[in-house]
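Here is a friendly briefing to read alongside the model. Have the sequence and the 3D view open as you go.

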Amino acid sequence: MDFAGTWHIYEMELWDEDYFNMEVQAYIKIKPANRGCFQFGLVSGEIDGRIVNYADGKRFEFTWEGNDECEPASGSGWIKIKEKDVLEREFRFHYGDRSIFLVRRTE
């Protein structure tokens, strides 16, 4: 699977690097079974997704459930390949913010 691996977030549309790396190096980890986990800033959770084919390529579409500053949170998003070892991603909070960000493969 092209999306499997650990990816570090290096750019976010809504939040700066001081926020998204405040506790740990911001990341998303996707396992071959289309499940995984993530953390950026004080937001963390587990993801459950699937690969969807579009005319312009494949996307990994997912839902997530976790915490935002210790409060329950959930949402959805997608990831697509931008270039080798770089993904573009949209992350959405249910009834809240949405942000585009970029990640690089680390393993």
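In β7, which residue is the bridge partner of Ser 76? The partner is Arg 92, and the notes below place this pair in its surroundings.

This is a predicted model, in which local features need pLDDT of at least 70 and side-chain atom pairs count only at pLDDT 80 or more, while totals for chains, interfaces and linings use all residues. Residues are numbered from 1 along each chain as its sequence is written, and side-chain values use heavy atoms, with hydrogens and water left out.

**Overall fold**

- The protein chain holds 1 helix and 8 strands; helices (H or I, at least four residues) and strands (E, at least two) are DSSP runs, numbered from the N terminus.
- Read from the N terminus, the elements follow the order β-α-β-β-β-β-β-β-β.
- A barrel is closed by 8 strands in the order β1-β2-β3-β4-β5-β6-β7-β8, with antiparallel pairing; two strands pair if DSSP finds at least two bridges between them.
- On average, neighbouring strands of this sheet are turned by 30° against each other, direction ignored; the axes are lines fitted to C-alpha atoms, for helices over the stretch in contact, and angles run from 0 to 180 degrees between N-to-C directions.
- The radius of gyration of the protein chain is 13 Å, which agrees with the value near 13 Å for a compact globule with 107 residues; this radius is taken over C-alpha atoms, and the globule rule is 2.2 Å times the number of residues to the power 0.38.
- Along its principal axes, the C-alpha trace spans about 35 × 25 × 20 Å.
- Of the 107 residues, 43% count as buried (buried means under 20% relative accessible area, exposed over 50%, partly exposed in between, with a 1.4 Å probe and protein chains only).
- Among contacts with a separation of 6 or more, 37% come from residues 24 or more positions apart; contact means heavy atoms within 4.5 Å.

**Hairpins and strand pairs**

- Strand β2 (residues 27-30) and strand β3 (residues 35-40) run antiparallel and are joined by 4 bridges, and Ile 30 has Gly 36 in β3 as its bridge partner.
- The hairpin of β2 and β3 has 4 residues between the strands, and Asn 34 in the turn has a positive phi of about 65°.
- β3 and β4 pair in the antiparallel sense over 6 bridges, with Val 43 in β4 as the bridge partner of Phe 40.
- Their hairpin has 2 residues between the strands, where Gly 41 takes a positive phi near 55°.
- Strand β5 (residues 57-68) and strand β6 (residues 71-83) are paired in the antiparallel sense over 10 bridges, and Phe 60 stands opposite Ile 79 in β6.

**Strand β7 and its partners**

- β7 is mostly covered, as 7 of its 8 residues are buried.
- On one side, β6 and β7 pair in the antiparallel sense over 8 bridges; they form a hairpin with 2 residues between them, and Asp 85 in the turn has a positive phi of about 65°.
- β7 is also joined to β8 by 7 bridges, the two running antiparallel, and Glu 90 stands opposite Ile 100 in β8.
- The hairpin of β7 and β8 has 4 residues between the strands, and Tyr 95 in the turn has a positive phi of about 60°.
- Glu 88 has its place in β7 and counts as buried at 18% relative accessibility.
- Beyond its neighbours within four places in sequence, Glu 88 is in contact with residues including Trp 78, Lys 80, Lys 82 and Phe 101.

**Aromatic rings**

- The whole structure has 14 aromatic pairs; rings of Phe, Tyr and Trp (its six-membered ring) pair if their centres lie within 6.5 Å, and planes under 30 degrees apart count as stacked, over 60 as edge-to-face and the rest as tilted.
- Phe 91 and Phe 101 form a tilted pair, 6.2 Å centre to centre with 50° between the planes.
- Phe 91 lies in strand β7 (residues 86-93) and Phe 101 in strand β8 (residues 98-105), so this pair ties together parts that are 10 residues apart in sequence.
- Phe 91 is buried at a relative accessible area of 0%, and Phe 101 counts as buried at 1%.
- One aromatic cluster is formed by Trp 15, Tyr 19, Phe 38, Phe 40, Trp 64, Phe 91, Phe 93 and Phe 101.

**Charges over rings**

- The charged end of Arg 89 sits over the ring of Phe 38, 5.7 Å from its centre (the cut-offs are NZ of Lys or CZ of Arg within 6 Å of the ring centre and within 35 degrees of the ring normal).
- Arg 59 lies over the face of Tyr 54, at 4.8 Å from the ring centre.
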